[in-house]
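Here are a few friendly notes to read alongside the structure. Please keep it open as you go through the points.

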Amino acid sequence: MCVSERARGRGVGALLEEHAESLARQRGCDRIELHCHERRTDAHRFYHRQQYLESPKYLYKSLDDAN
């Protein structure tokens, strides 16, 4: 989910997250997982306020030949 800079701080993100949680519960999900790059510190603060917990183990493999 992404909220434009102009709309941030107006509760839009919280409404989107609330709706996503409601849909997940209706579908019988037991959690919501998301990926948020470490440089997005404002987003991290938002997710912490929404009661998300950190799960530090995330692995990836680059398929770019340059790496």
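1. A term to begin with: a residue is buried under 20% relative accessible area, exposed over 50%, and partly exposed in between, using a 1.4 Å probe and protein chains only. Tyr-47 has a relative accessible area of 12%, so Tyr-47 is buried. Phe-46 is buried too, because its relative accessibility is 16%.

2. Please note that this is a predicted model, where local features need pLDDT of at least 70, side-chain atom pairs count only at pLDDT 80 or more, and totals for chains, interfaces and linings use all residues. Residues are numbered from 1 along each chain as its sequence is written, and side-chain values use heavy atoms, with hydrogens and water left out.

3. How many aromatic pairs does a search of the whole structure find? There are two. Rings of Phe, Tyr and Trp (its six-membered ring) pair if their centres lie within 6.5 Å; planes under 30 degrees apart are stacked, over 60 edge-to-face, and the rest tilted.

4. Put together, Phe-46, Tyr-47 and Tyr-52 make one aromatic cluster. Like Tyr-47, Tyr-52 is buried.

5. Now for Leu-16, which sits in helix H1, residues 12-26 (helices are DSSP runs of H or I, at least four residues, and are numbered from the N terminus). Is Leu-16 buried or partly exposed? Leu-16 counts as partly exposed because its relative accessibility is 40%.

Methods:
Helices (H or I, at least four residues) and strands (E, at least two) are DSSP runs, numbered from the N terminus.
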